[in-house]
Amino acid sequence: MQLIINGEAQTIAATTLSQLLTALGYEGDWLATAVNGELVHREDREEHMLNDNDRIEILTPMQGG
């Protein structure tokens, strides 16, 4: 499936947002995700189906000073 992930086109075999995050190596609850500009809550990732050319934003917290 062709997806735009954080602004970069990628082809990934994933049908749900949860599968995508696993394939990309993201783990943990400290992620914010949006598909086509709409926030997808953590509890909905397993059921959120992806479509070709979806735009996914994945944000992770950063520590800094």
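Which side chain of opposite charge is nearest to Asp-54, and how far away is it? I looked this up first. Asp-54 is buried yet has no salt bridge, and the nearest side chain of opposite charge is Arg-55, 9.3 Å away. I count a residue as buried under 20% relative accessible area, exposed over 50%, and partly exposed in between (1.4 Å probe, protein chains only). For charge, I take Lys and Arg as positive and Asp and Glu as negative; His and the chain ends are not counted. A salt bridge needs a side-chain nitrogen of Lys or Arg within 4 Å of a carboxyl oxygen of Asp or Glu.

**Ground rules**

The model is predicted, so I ask for pLDDT of at least 70 for local features and 80 or more for side-chain atom pairs, while totals for chains, interfaces and linings use all residues. Residues are numbered from 1 along each chain as its sequence is written, and side-chain values use heavy atoms, with hydrogens and water left out.

**Entry: overall fold**

I find 1 helix and 5 strands in the protein. Along the sequence the order is β-β-α-β-β-β. These elements are DSSP runs numbered from the N terminus: helices are H or I with at least four residues, strands are E with at least two.

I checked the radius of gyration next. The protein has 11 Å, which agrees with the value near 11 Å for a compact globule of 65 residues. That radius is taken over C-alpha atoms, and the globule rule is 2.2 Å times the number of residues to the power 0.38. The C-alpha atoms fill a box of roughly 40 × 25 × 20 Å along the principal axes.

Of the 65 residues, 31% count as buried. The protein exposes about 4,600 Å², and carbon and sulfur atoms supply 47% of that area. I use Shrake-Rupley areas with a 1.4 Å probe; for residues, only the protein chains shown count as cover.

Among contacts with a separation of 6 or more, 53% come from residues 24 or more positions apart. Contact here means heavy atoms within 4.5 Å.

**Entry: back to Asp-54**

Asp-54 sits in the loop between β4 (38-40) and β5 (55-59). What does its side chain pair with in a polar contact? I find the side chain of Asn-36, at 2.9 Å. A polar contact is a pair of N or O atoms within 3.5 Å; within protein, one must be able to donate a hydrogen and the other to accept it, and residues adjacent in sequence count only if both atoms are side-chain atoms. Beyond four places in sequence, Asp-54 touches Gln-2, Leu-3, Ile-4, Val-35, Asn-36 and Met-49.

**Entry: Thr-33 and Arg-45**

Thr-33 is in strand β3 (residues 32-35). I count Thr-33 as buried because its relative accessible area is 2%. Arg-45 lies in the loop between β4 and β5. Arg-45 is also buried, at 7%. Their side chains make a polar contact of 3.3 Å.

I listed neighbours beyond four places in sequence. For Thr-33 they include Leu-17, Leu-21, Leu-39 and Glu-57. For Arg-45 they include Thr-16, Ser-18, Gly-28, Leu-31 and Val-40. Thr-33 and Leu-17 are 16 residues apart in sequence, with C-alpha atoms 8.7 Å apart.

**Entry: Thr-16**

Thr-16 is in the loop between β2 and α1 (17-23). Is Thr-16 buried or exposed? I get 7% relative accessibility, so Thr-16 counts as buried. A polar atom of its side chain lies 3.1 Å from the backbone nitrogen of Gln-19. Outside four places in sequence, Thr-16 touches Arg-45, Glu-46, His-48, Met-49 and Leu-50.

**Entry: the asparagines**

Most residues other than glycine have a negative phi. Asn-6 is in the loop between β1 (2-5) and β2 (8-11). At 37% relative accessibility, Asn-6 is partly exposed. Asn-53 lies in the loop between β4 and β5. At 51%, Asn-53 counts as exposed.

Asn-51 is in the loop between β4 and β5. Its relative accessible area is 48%, which I log as partly exposed. Beyond four places in sequence, Asn-51 touches Met-1, Gln-2 and Leu-3. The C-alpha atoms of Asn-51 and Ala-14 are 9.6 Å apart, across 37 residues of chain.
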